[in-house]
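Subject: Structure for your review

Dear colleague,

Please find below the structure that I am handing over to you. My findings follow it, and I would ask you to read them with the model open beside you.

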Amino acid sequence: MTEHRPFAATLLALLLSTSATLQAAEPAPATSSASPHLETLASAKAAAPTYRQLNVQRWTTQAGARVLFVEAHELPMFDLRVTFAAGSAQDGQTPGLALMTNAMLNEGVPGKDVDAIARGFEGLGADFGNGSYRDMAVANLRSLVDPSKREPAMALFSEVLGKPTFPAASVTRIKNQLLAGFEYQKQNPSHLANQAFMTQLYGSHPYAHGSEGDAKSVQAITVAQMRAFHKRAYAAGNAVIALVGDLDRAQAEALAEQVSRALPAGPALPLAPQAKAPAPAVTHIEFPSKQTHVLVGQLGIARDDPDYVALTMGNQILGGGGFGTRLMTEVRERRGLAYGVSSGFSAMQAQGPFLISLQTRAQVSQGTLELVRQVLRDFLRDGPTEAELAAAKQELAGSFPLSNASNASIVGQLGGMGFYNLPVSYLEDFMAQSQQLTVEQVKRAMNRHLDADKLLVVTVGPTVAQDPLPPPSDHPAEPTLGTPEH
């Protein structure tokens, strides 16, 4: 959670993908004949990207899947992402069930085992990918549009989504991989901190447990449970289909219908319930290390919160934008207390967490924690300066358009827009609203959702005598920490 990302990438992560286009060049003519000839996807990746104005089209398949589509005729390829409300929030009493089900999709279909599936995609020059998270599960396909490649790739992709066989050998292998991962996590202070924070933040809410489950729950998962989960969570009515590429509307509709027909019939699943804010608390986990992991946060917002844009901009100034943010300036640049410190809202179907994270020398962990609290308190009291807000707007305007340079990034944006029921004008709306924000609007939004006196704190590290913090300086006496331990 401490990884630094530039402004555009931070916003992409908050949506799962978010993008907009300013002053884009006109797209190539909407015909496949204008596309260059490519033999493999590798040559497509090597081609220079072309920026274009996005024209998002939206409809619903006969089986009830929602579809978002953008024509992109620069390269003779297409990207397809299917997003399901099938993340760990739907696990119920079986943590890890959603992840196991998603991991088993490409392990076997009637007449093909995992190796045959892999060879099938590879032989067509197609890429398949899948993943499972708290809110959602996804499956991706990238293929050339030539019918000799597209049609068999789509047929195999549709089988993988709609007819997984859950072979016993693969179930055993994946369970063993997860169990080995759980053993490693016991020695990973970053994981211990994150797990403890989410457990305390969410209590009995479905977001409390990690998407991978735990050793006890994973060992007990049965094929019957995975089949039942697939039938209800991978239903057409629970799916969002995003398409980007060298296709016209009729072709896109045909592909979406093909995928939709391959899925089990059924409606969308209920949304994750809203979460209840816990009382503020401080938790320390003893761990033998030279450094202490520090997490500070509270409940944040759901993805449809009207303050989303203002909070995104406010957080970018507080700690979401790397160097030059309030937290980075005070913690790293002026005192050398940490290699990096970041803050962020993870907006989801229910209220996701707001989190500040860092790791610092164990001997100054308590002072660093209090410094972080004070930076947040000051920011909520005063808000950003006019100069900080202007700089954040300028950075967004300069970097945000570049995030639609590839079909893969755009298909991620469309998947997020469909999953969170955002309007087709979202990309343009976000940019326009962010550029119109005032200092007072950002300050009010941050204060509506954050309170420096109601924070959850989790620290993982050794209990040692504490040293006073060095005074702030343009040339800190303490050298900045090197690469984080974990």
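A residue is called buried here when its relative accessible area is under 20%. Please also bear in mind that this is a predicted model.

Let me begin with the chain as a whole. The protein chain has 486 residues, of which 56% count as buried. Its secondary structure comes to 17 helices and 13 strands. Among contacts between residues at least 6 apart in sequence, 85% join residues that are at least 24 apart.

The aromatic rings come next. How many aromatic pairs are there by the rule used here? The count is nine. One of them is formed by Trp59 and Phe69, whose ring centres are 6.2 Å apart and whose planes make 70 degrees, an edge-to-face arrangement.

Because Tyr308 is in helix α11 (residues 308-320) and Phe430 is in helix α16 (residues 426-436), the pair ties together parts of the chain that are 122 residues apart in sequence. Tyr308 has a relative accessible area of 5% and is therefore buried. Phe430, at 2% relative accessibility, counts as buried as well.

Tyr308 has a charged neighbour too: Arg303 lies over the face of its ring, at 3.5 Å from the ring centre. In a second case, the charged end of Arg332 sits over the ring of Tyr339, 5.3 Å from the centre. Elsewhere, ring pairs link Phe121, Phe128 and Phe157 into a cluster.

Strands of a sheet pair through backbone hydrogen bonds, either parallel or antiparallel. Here, six strands form an open sheet in the order β1-β2-β8-β3-β7-β6, and the pairing is mixed. The edge strands are β1 and β6 (127-132), each of which pairs on one side only. From one strand to the next, the twist averages 15 degrees. Strands β1 and β2 run antiparallel and are joined by four bridges. Arg66, in β2, is the bridge partner of Thr60.

Helix α5 (residues 147-162) lies across β3 (77-84), β6 and β7 (137-144), and runs at about 165 degrees to β7. Helix α15 (residues 407-419) packs on the sheet and touches β1, β2, β3, β7 and β8 (239-245); its direction makes about 155 degrees with that of β8.

Finally, please look at Thr83, which lies in strand β3. Its relative accessible area is 0%, so Thr83 is buried. Leaving aside residues up to four places away in sequence, Thr83 touches several residues, including Ala137, Val138, Val240, Gly415 and Phe419.

Yours sincerely

Notes
Residues numbered from 1 in each chain as written. Predicted model: local features only at pLDDT ≥ 70, side-chain atom pairs only at ≥ 80, totals over all residues. Heavy atoms only, no water. Phe/Tyr/Trp six-rings, centres within 6.5 Å; stacked < 30°, edge-to-face > 60°. Helix = DSSP H or I, 4+ residues; strand = E, 2+ residues; numbered from the N terminus. Buried < 20%, exposed > 50% of the residue type's maximum accessible area, 1.4 Å probe, protein only. Lys NZ or Arg CZ within 6 Å of the ring centre and 35° of its normal. Pairing = 2+ DSSP bridges. Axes fitted to C-alpha atoms, helices over the stretch in contact; angles between N-to-C directions. Contact = heavy atoms within 4.5 Å.
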